[in-house]
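Biologist: I would like to learn how to read side-chain contacts and helix packing from coordinates. Could we work through one case together?

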Amino acid sequence: MGEYMYFVCFLLVFGVRVNAEIERPRGVSISMASKYEPNNKQTFQCLDGSAQIPYEHLNDDYCDCADGSDEPGTSACTNGRFHCTNAGYTPKNIQSSRVNDGVCDCCDGSDEYEGKIECVNNCKELGKKLREEQDEKRRLHEEGFKKREGFIAEASTLMEGKKLKIKELETEKAEIQEKLKELEARKTEAEGPEKEAKDKHEQAWKEQKDAREKERQAGKAREAFDDLDLNKDGFVDVFEIIPHLEFDIDSNGIVSEEEAKEHLEDHEKVDYEEFSSKIWGNIHSIYKKLVPDEPQQVTPPPVEPQGDTGVPVPTEEPQEESAEEDKMPEYDEETKALIAAADEARKNYEEADKRSRDIDGEITTLTSYLNTDYGKDQAYAVLRDNCYEYTDREYTYKLCPFSTASQRPKSGGHETNLGRWGRWENDKTQVYDHGQNCWNGPDRSVKIHITCGPDHQLTNAYEPSRCEYAFDFITPCACDQHSQPQVKEIRDEL
Ligand code: MAN
């Protein structure tokens, strides 16, 4: 910076004074003066080499050269250029057609030498303003640059913190892995007796249930036998089976003798002993108790096919089993204690296992954080985990650096994802892509144009082409040495 200033001062103090003494035709810049030195003060070579003309034909208000170079100080050539020195401000080249056209184009008024108009020389004031603007820009840049240095330090601390955190997590993870082995062993140890006790209890319950069921079925067999044995001779015979349409094997609406016999295992009749041991097991799921037909009843008639009038029709068996009876009794106190111990061991294991998985997640997040490119000196890392907004007439745009870019309508409604962090296109342009797909178009994406500024701020957002967005973002992070404000040369003297 210091060297640069000395260089500018050197140019201003010495360069101009030396060059000011160089004689040159009107409208020629100091840098071009040597090209207008006459050969023996006799001839002038057009700058494009197209012709050689007598020296006195320079600025004679007649265009001789194809490139207009012989008339820098008049408006004779349509393509000529007139150079305003603009001492005190910045030099400028104008079209030579503007020379003596009655309009002041140069701040020093040198383009209007014929006096058609009186031009006020305001170069000094313009120079002063420009200097002030440049000083302000430099000041802001300097301020940003200082802030950036702070950010670099901050980013470095941040990164070191993350690296340290990873190390801590890795240590914790190793400890947990060891602990997990022990907790798993304890869990297995507790689950063995627990299973044994539970199995025992459940087995006893099953046996109890089975015995009850057996008893119930026996009762049902007795009941069914008594019901089927219409003539009460102590046998169920083929003719007592026939009225039961549920035994109609071929679904023709009647139970034939053969069908009835088939249900009785080819016997004509069976006594209770035979019925309960061999027959009931096969028929209990289809058997239906007969109830007398009641034609006057108002309830809808049964959907089952009906026998002859007066013959009793089968009816659904009422559901007898109570839910309470079906419920397994509570475990005894000893088993309960074993379950509680196993629950505790399982809980301890699962908690440790969850922590181990959480650590993996945290390490992945931290590693991805550290593997991100935060630009030169990592300065941009300070922007991560922050978001910046800009609102135009229709939308509020949001940029969360190194994460996402989005858009939401000002009038309300859902947020549209414009892209996720992608890459640096160059050291001042970021790309966020793979955003929400645009109907009949590309996936949305954003380019962030970053420039040096005193604070982090999203200053503009626009959509140069449908669903391809551009944001302007200023930040001190971009105030590196290479982005010093362009300094225009200001000439102090002629
Ligand atoms: C939404 C917004 C606009 C975009 C259109 C495309 O309205 O995301 O920015 O141009 O969709 O259909």
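Modeller: Start with a group of charged side chains: salt bridges link K187, E191, E194, D343 and R346 in a network. A salt bridge here is a side-chain nitrogen of Lys or Arg within 4 Å of a carboxyl oxygen of Asp or Glu. The model is predicted, so local features need pLDDT of at least 70 and side-chain atom pairs count only at pLDDT 80 or more, while totals for chains, interfaces and linings use all residues. Residues are numbered from 1 along each chain as its sequence is written, and side-chain values use heavy atoms, with hydrogens and water left out.

Biologist: How many salt bridges does a search of the whole structure find?

Modeller: The general idea is that side chains of opposite charge can pair when their charged atoms come close. In this structure the search of the whole model returns 35 salt bridges. One of them joins K195 to D199, with 2.8 Å from N to O.

Biologist: How far apart are K195 and D199 in helix α2?

Modeller: They are four residues apart in α2 (residues 123–228), so about one helical turn separates K195 from D199. Helices are DSSP runs of H or I with at least four residues, strands are runs of E with at least two, and both are numbered from the N terminus. D199 is partly exposed, at 33% relative accessibility. Buried means under 20% relative accessible area, exposed means over 50%, and partly exposed lies in between (1.4 Å probe, protein chains only).

Biologist: Which residue forms a salt bridge with K336?

Modeller: The partner of K336 is E330, and their closest N and O atoms are 2.7 Å apart. K336 has a relative accessible area of 30% and is partly exposed, whereas E330 is exposed at 62%. In another salt bridge, D105 meets R98 at 3.9 Å, N to O. There D105 is buried, with a relative accessible area of 16%, and R98 is partly exposed at 40%.

Biologist: Where does the charged end of K187 sit?

Modeller: K187, already named in the network, has its charged end over the ring of Y349, 5.3 Å from the ring centre. A charge sits over a ring if NZ of Lys or CZ of Arg is within 6 Å of the ring centre and within 35 degrees of the ring normal. K269 gives another case: its charged end sits over the ring of F235, 4.2 Å from the centre.

Biologist: How many aromatic pairs does the search of the whole structure find?

Modeller: The search gives 16 aromatic pairs. For Y36 and F44, the ring centres are 4.9 Å apart and the planes are at 15 degrees, so this pair is stacked. Rings of Phe, Tyr and Trp (its six-membered ring) pair if their centres lie within 6.5 Å; planes under 30 degrees apart count as stacked, over 60 as edge-to-face and the rest as tilted. Both Y36 and F44 are buried. Elsewhere, ring pairs link Y369, Y374, Y380, F402, W421, W424 and Y432 into a cluster.

Biologist: At what angle do the axes of α2 and α7 cross?

Modeller: The axes of α2 and α7 (residues 333–370) cross at roughly 160 degrees and come within 7 Å. Axes are lines fitted to C-alpha atoms, for helices over the stretch in contact, and angles run from 0 to 180 degrees between N-to-C directions. α2 and α7 are therefore roughly antiparallel. Angles under 35 degrees count as roughly parallel, over 145 as roughly antiparallel, 65 to 115 as roughly perpendicular and the rest as oblique. The α2 and α7 crossing is left-handed.

Biologist: How far apart are the axes of α2 and α5?

Modeller: The axes of α2 and α5 (residues 272–283) are 10 Å apart, and the packing angle is about 120 degrees. These two helices are therefore oblique to each other. α2 passes α5 in a right-handed crossing. A crossing is left-handed if the near helix is turned anticlockwise from the far one by less than a right angle, and right-handed if clockwise.

Biologist: What is the phi of N86?

Modeller: Most residues other than glycine have a negative phi. The phi of N86 is near 50 degrees, a positive value in a residue other than glycine. N86 lies in the loop between β3 (81–84) and β4 (92–95), and N86 is buried at 2% relative accessibility. D266 also has a positive phi, near 70 degrees. Its place is the loop between α4 (257–263) and β6 (269–271), and at 60% relative accessibility D266 is exposed.
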